[in-house]
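What follows is a walk through one protein chain, beginning at a single residue and ending with the chain as a whole. Please keep the structure open while reading.

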Amino acid sequence: MNICIKELKTIDFSVNPSKSKWIRIGSNHKNKCCKLNVDNVLINCVYEIKILGLILISASKFKISLSKNKIRFFVNVNQIFSKIGCSNVAVVLALFNSHCLSALLYNLKVLDLTKSEINSLKYVITRSFMKLFKTFTNENILFCMYYTGQLPVDLTILLRKEKFL
């Protein structure tokens, strides 16, 4: 650790230990580790850390938390439904695409999501479409998405990733 601090100081970059945290990722993520300190100030080991709006979780593999994205998505969806309701589907879908979907997929174009994470995002979108179209079968929701021109979330993520790269 001291070698890294020394090298950072040579390029005029200092580490503020009171604002620094660290997590473990790998097979030994649950095991206790030696305490890290910078200038005799202890750096806290945490379970999750927020970096540029993305929450990384200490796990055996690289893992993120989608909870903040889902919360922002549902806040936006509920605001739209409370103001407009479900009467004008075209307006709701336009607002859904511009405000809600962008909140849900924020920062995800740079990551390779697992199948369970994509399924979690699909569930969130499906539930909002169920509320909009007042139906509760997945088959009907897929038809509604198809006929309104909405892409499934996995394809939307792929398109955003392609535009990003």
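**From one threonine to the whole chain**

Leaving aside residues up to four places away in sequence, Thr 126 touches Asn 138 and Ile 141. The model is a predicted one. Thr 126 is found in helix α4, which covers residues 115-133. Is Thr 126 buried or exposed? Its relative accessible area is 16%, and the cut-off for buried is under 20%, so Thr 126 counts as buried.

The next stop is strand β5, made up of residues 54-57. Both of its faces are covered.

Strand β5 pairs with strand β4, residues 48-51, through four bridges, and the two run antiparallel. Within this pairing, Ile 49 stands opposite Leu 56 of β5. β4 and β5 form a hairpin that has two residues between the strands. Leu 52 lies in the turn and has a positive phi of about 50°.

Strand β5 also pairs with strand β6, residues 63-65. This pairing is antiparallel too, and three bridges make it up. Which residue of β6 is the bridge partner of Ile 57? The partner is Lys 63. Here again the two strands form a hairpin, with five residues between β5 and β6.

Now the whole chain. The protein chain contains six helices and six strands. In sequence order the pattern is α-β-β-β-β-β-β-α-α-α-α-α. The radius of gyration is 21 Å, well over the 15 Å that the globule rule gives for 165 residues, so the chain is more spread out than a compact globule. The C-alpha trace spans about 60 × 30 × 30 Å along its principal axes.

Of the 165 residues, 34% count as buried. Among contacts between residues at least 6 apart in sequence, 57% join residues at least 24 apart.

The chain carries 24 positive and 9 negative charges.

Conventions. Residues are numbered from 1 along each chain as its sequence is written. This is a predicted model: local features need pLDDT of at least 70, side-chain atom pairs count only at pLDDT 80 or more; totals for chains, interfaces and linings use all residues. Side-chain values use heavy atoms; hydrogens and water are left out. Buried means under 20% relative accessible area, exposed over 50%, partly exposed in between (1.4 Å probe, protein chains only). Two strands pair if DSSP finds at least two bridges between them. The radius of gyration is taken over C-alpha atoms; the globule rule is 2.2 Å times the number of residues to the power 0.38. Contact means heavy atoms within 4.5 Å. Lys and Arg count as positive and Asp and Glu as negative; His and the chain ends are not counted. The place of a charge is taken as NZ of Lys, CZ of Arg, CG of Asp or CD of Glu.
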